[in-house]
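Biologist: I am new to this model, so please take me through it slowly and tell me what each term rests on.

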Amino acid sequence: IPLANAYRATDQPDKARGIIERYTELYPMDANGFFNLAQNRNAAGDTEGERAALDRVIELDPNHHAAIGIRFGLGDEPSEEKEKQVVEFAEQQNSWMAFLIASAIARDRGDAVAAVNWAGRAYALAPEAEPVLLQYAVLLGDTKDDPRLTALIEPKVLSGKYSKQLDWNLAQALRACGRTQDAINVLNRAAKPENVPQDFKAAAPRAVGSW
């Protein structure tokens, strides 16, 4: 795949296509191979070929964010109709990523209730997936849903299994719910270990100081 990308980047589409087609023959269960094939077909102006490759990506990995986004044209203006299409796909494929995308569309439309609902559906499918927890935390803060924030997100943060971004999102959501001291405690605790990324270690006290 890196070689195919290099050929594509240096304007050698035929060589890139040959390599990536051979790769998908050798590794027919690798979704990323077909995603690269879709990119190659797009560059060649082959809309039908791109769509077929994207469909194969989604068949292999119904949670492939980029493929879902391209397949449903999510660069366009968010709309209720687009949201409905993505939800239908999510329900058919049990795709937690599609539910997250539908949630993001609803939030962009200003429909907080639908945004939380679709994120909740994603959580039901993948309660341990960090992208789900990150987005759900933000939305529960937006809607000041402290009970669900406390029951569903805080225990995950306390488990220590996730990135510091989840600590950050939880703290912001807690503050939105009026629990500023608890938010401060979350950031102080998260910034304490020696191996914390430096950007987080610098941002945490700045946020605490501003609160």
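Modeller: Helix 7 is followed by glycine 110, whose phi is positive, near 90 degrees; helices here are DSSP runs of H or I with at least four residues, numbered from the N terminus. The model is predicted, with local features needing pLDDT of at least 70 and side-chain atom pairs pLDDT 80 or more, while totals for chains, interfaces and linings use all residues. Residues are numbered from 1 along each chain as its sequence is written, and side-chain values use heavy atoms, without hydrogens and water.

Biologist: What makes helix 7 mostly covered?

Modeller: Ten of the 14 residues of helix 7 are buried, which means under 20% relative accessible area with a 1.4 Å probe and protein chains only (exposed is over 50%, partly exposed in between). Among them are Trp96, Phe99, Leu100 and Ile105, and the cover includes helix 5 (65-71), helix 6 (80-93), helix 8 (112-125) and helix 9, contact being heavy atoms within 4.5 Å.

Biologist: Why does asparagine 36 count as buried?

Modeller: Asparagine 36, in helix 3 (residues 31-43), has 8% relative accessibility and therefore counts as buried.

Biologist: Which backbone oxygen lies 2.9 Å from a polar atom of the side chain of asparagine 36?

Modeller: That backbone oxygen belongs to asparagine 32.

Biologist: How do helix 9 and helix 10 pack, and at what angle?

Modeller: Helix 9 (residues 130-142) and helix 10 (residues 146-158) pack at about 145 degrees, with their axes 10 Å apart; axes are lines fitted to C-alpha atoms over the stretch in contact, and angles run from 0 to 180 degrees between N-to-C directions.

Notes
Helix = DSSP H or I, 4+ residues; strand = E, 2+ residues; numbered from the N terminus. Polar contact = N/O pair within 3.5 Å; in protein donor to acceptor, adjacent residues only side chain to side chain.
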